[in-house]
Amino acid sequence: MVWELGTLNLGPVKAFHIMRKRYGGFENVGATVDDCKNFRNRINSYIGEYDADMVINRMTEQKQYLADYSFEYSVDDGKRLTGLFWVDGLCKLNYMEFGDVISFDATFKTNRYKMVFVQFTGIDNHCRNVTLSAGLLASESIESYKWLLNSFLKSFGRQPNVVVTDQDPAMKQGIEEVFPISRHRLCMWHIMKKVADKVGHELCNNDEFKRRMCDIVWTDSIEPEEFERQWKLVMIEFGLTENKWIDDMFGMRSMWIPAFYRHEPMSGLMRTTSRSESENHFFVRLLIHNSHS
């Protein structure tokens, strides 16, 4: 019964308490909580090398019973799983309603299989995160991202208007090739989080510097020309004209500064990494809960 309940995402502790209620008491279960945990661990060890096959079989079964369920997978020459993508009917409905602007994040890595967990996130009309789809990748190469984005396109049938990511170059090239009509933007929050490391913590603790930067970065109420003028003044005043990272960020300003797309609806996703990290936190808590409960 521990195994059967495990297929329902119930951990060994919950399985033990269910058996206790079913059989009328602890003494009638015939095992302790630790016995259930050890049994589950032995099962996991035994099926470890067959995990990928079990996942594919499970998704194949779901596709038979759920009309709008889609999944794609890829394997290498050694028949090892290299990519997995899945989306259900609710996600497809979310994409129809809230899929104009999406975030694409791959900052969460699984421990056991060393695969990258990728989630696609949108924002609904109440400014809440909605999960649009998810995937696993064995590597963060251009070809891996192209495969994932093609799987996304196959499932949803259309490209998003805007895709927001971090500064990963492989993501950038994958988006350019697979989503040629989508506009690619960079996450402001992710970039601004690096400022302290790139210009020094002392300067970042300067209230005047922080105020001047925030006034021109976190706003869409100024014109591009005004942003450029103010940015250059700040860099001169605080001695950052020779800072390469600052120059690089200014060079790609049209991809992350709101002044350059002030009339383009962004659904609040320019700070998408912070939203995606909250999504990561949700999935981590879910996995930990299922493995220990």
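## Burial and overall make-up

Of the 293 residues in the chain of this predicted model, 45% count as buried, where buried means under 20% relative accessible area, exposed means over 50%, and partly exposed covers the values in between, computed with a 1.4 Å probe on protein chains only. The chain holds 14 helices and seven strands, these being DSSP runs numbered from the N terminus, with helices (H or I) of at least four residues and strands (E) of at least two. Among contacts in the chain with a separation of 6 or more, 60% are accounted for by residues 24 or more positions apart, a contact being heavy atoms within 4.5 Å.

Because the model is predicted, local features need pLDDT of at least 70 and side-chain atom pairs count only at pLDDT 80 or more, whereas totals for chains, interfaces and linings use all residues. Residues are numbered from 1 along each chain as its sequence is written, and side-chain values use heavy atoms, with hydrogens and water left out.

## Strand 5 and its partners

Strand 5 (residues 129-137) is mostly covered, since seven of its nine residues are buried. Strand 2 (residues 81-87) runs antiparallel to strand 5 and is joined to it by four bridges, with Leu84 standing opposite Leu136 in strand 5; two strands are taken to pair if DSSP finds at least two bridges between them.

Strand 4 (residues 116-123) is also antiparallel to strand 5, and eight bridges join these two strands, with Gln119 standing opposite Ala134 of strand 5. In the hairpin that strand 4 and strand 5 form, five residues lie between the strands, and Cys127 takes a positive phi near 65 degrees.

## Packing of helix 5 and helix 6

The axes of helix 5 (residues 89-98) and helix 6 (residues 142-156) come within 11 Å and cross at roughly 85 degrees, the axes being lines fitted to C-alpha atoms over the stretch in contact and the angles running from 0 to 180 degrees between N-to-C directions. The two helices are therefore roughly perpendicular to each other, a term that applies to angles of 65 to 115 degrees.

Helix 5 contributes Cys91, Lys92 and Tyr95 to the contact, while helix 6 contributes Phe152, Ser155 and Phe156. By class, this contact has four nonpolar, one polar and one charged residues, where Ala, Val, Leu, Ile, Met, Phe, Trp, Tyr, Cys and Pro count as nonpolar, Asp, Glu, Lys and Arg as charged, and the others, Gly among them, as polar.

## Salt bridges

A search of the whole structure finds 15 salt bridges, each defined as a side-chain nitrogen of Lys or Arg within 4 Å of a carboxyl oxygen of Asp or Glu. One of them pairs Lys154 with Glu72, the closest N and O atoms being 3.2 Å apart. Lys154 lies in helix 6 and Glu72 in strand 1 (residues 70-75), so this pair ties together parts that are 82 residues apart in sequence; Lys154 itself is exposed, with a relative accessible area of 60%.

Within helix 11 (residues 207-217), Arg211 and Glu208 lie three residues apart, about one turn of the helix, and their side chains meet in a salt bridge (2.8 Å, N to O). Arg211 is partly exposed at 41% relative accessibility, as is Glu208 at 33%. Asp248 forms a salt bridge with Lys244, the closest N and O atoms being 2.9 Å apart, and these residues are four apart in helix 13 (residues 244-251), about one helical turn. Asp248 is partly exposed at 33%, whereas Lys244 is exposed at 58%. Salt bridges that share partners also join Glu208, Arg211, Arg212, Asp215 and Glu237 into one network.

Key. Parallel < 35°, antiparallel > 145°, perpendicular 65-115°, else oblique.
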